[in-house]
Amino acid sequence: MKVAWQILQELYQLFVEDGRLAMLLLLWSGIVWGIVSFLPAMAGIGGIALVFGCVAILLENIWRFGLQKRRDVETSDGRN
Amino acid sequence: MIDWTHSVAAVSAAFLGSLVEFVEVLTIILAVGITRGWRAAWLGAIAGVVVLSVIVAAFGPALLAVPIANLQVFVGALLLLFGMRWLRKAILRSAGLIALHDEEAIYADETRVLSSARIATRIGVDPLGFATAFKATLLEGIEVAFIVLAIGVAGGQLVPAGIGALAALALVTIVGIFAHRPLARVPENTLKFAVGLLIAAFGIFWLGEGMGLSWPGEDLVLLPILGVLFGAALVGIRLARSAATPKGVEGTG
């Protein structure tokens, strides 16, 4: 049972390590899909929106991680 | 030309992605074999492969029954999440914000834990060694199966993707047999970087195809998508470093 639970956890972690990143990527994909479904004329620029949107979400996530790392260092320096 | 772009990308993604996973399995199996005996290591690995085959046989054909557009959206979304997770980790490792993957350290840790455990042998097999080898083979094997099935099924590239994974298995097995030690020289972060790029590009492409987006240049658009992701990854490394640098330290390193 423990092994089965571990396998399920590992499966989930295959795709989701940072829940916020995964959620935003899916949300953005859904928004692009929704727009293209209602406005088929946008299908041409939908690809550009999808690529650059995903890139922006990734960079924002990395920036946020870096800032958190800096805060952690500054907090530990302040304690010492 | 169009088929080549896709097949080469599929073989590369499957080969590199599987290589990373097989190197990780080899490290664990070597640690189990040396500390708990080769019988437990091999039986555990074989049991892992058998269970994995049953899972693939059960879920693989089910994927083929899904209409292609829905399948492309589903698989594309999973590939996007999987690829972006690897790419994010590779960027953060390259920026020095998280530790690099170290096969020798993992091997040393596994060896220490496995050597210190005192568990009696059952029916001629060490249960701890068996369970460790079984779990490693099954879990890493699931990642390989996902990469091969996702890339293969959504784009009709199951054979190239399978060839890529088998080539990686053959390479790691041969090198493992001769070296008999963890493959610490494999540039795991560089590989994860490349695989993250390839798989995220496939994910975006299939997701777009499934959504009905019209990609300029059809399959060839994979190359500019890869280029954009690569450029973004380079920017990401600088961005991560600059965000993590405490105020007043900028420009000193």
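Predicted model: local features only at pLDDT ≥ 70, side-chain atom pairs only at ≥ 80, totals over all residues.
Residues are numbered from 1 along each chain as written, and chains are lettered from A in the order written. Local features need pLDDT of at least 70, side-chain atom pairs need pLDDT 80 or more, and interface totals use all residues, while side-chain values use heavy atoms, without hydrogens or water.

**The interface**

Contact means heavy atoms within 4.5 Å. By that rule, 45 residues of chain B touch 40 residues of chain A. The two chains bury about 3,800 Å² between them, 78% of it on carbon and sulfur atoms. Buried area is the accessible area (1.4 Å probe) lost on being put together, summed over both parts. Leu81(B), Arg88(B) and Met211(B) supply 19% of the area that chain B buries against chain A, more than any other three residues.

The rule finds four salt bridges across the interface. Each pairs a side-chain nitrogen of Lys or Arg with a carboxyl oxygen of Asp or Glu within 4 Å. One of them joins Lys89(B) and Glu17(A), at 3.0 Å from N to O.

**Helices of chain B**

Helices here are DSSP runs (H or I, at least four residues).

α3(B) gives the most, with 13 residues.

**One crossing**

α1(A), residues 2–15, packs against α3(B) at about 85°, with axes 6 Å apart. Axes are lines fitted to C-alpha atoms over the stretch in contact, and angles run from 0 to 180 degrees between N-to-C directions. The two helices are therefore roughly perpendicular, a label for angles of 65 to 115 degrees. Gln13(A), Leu14(A) and Phe15(A) meet Leu78(B), Leu81(B), Phe82(B) and Arg85(B) there.

Note on methods
Parallel < 35°, antiparallel > 145°, perpendicular 65-115°, else oblique.
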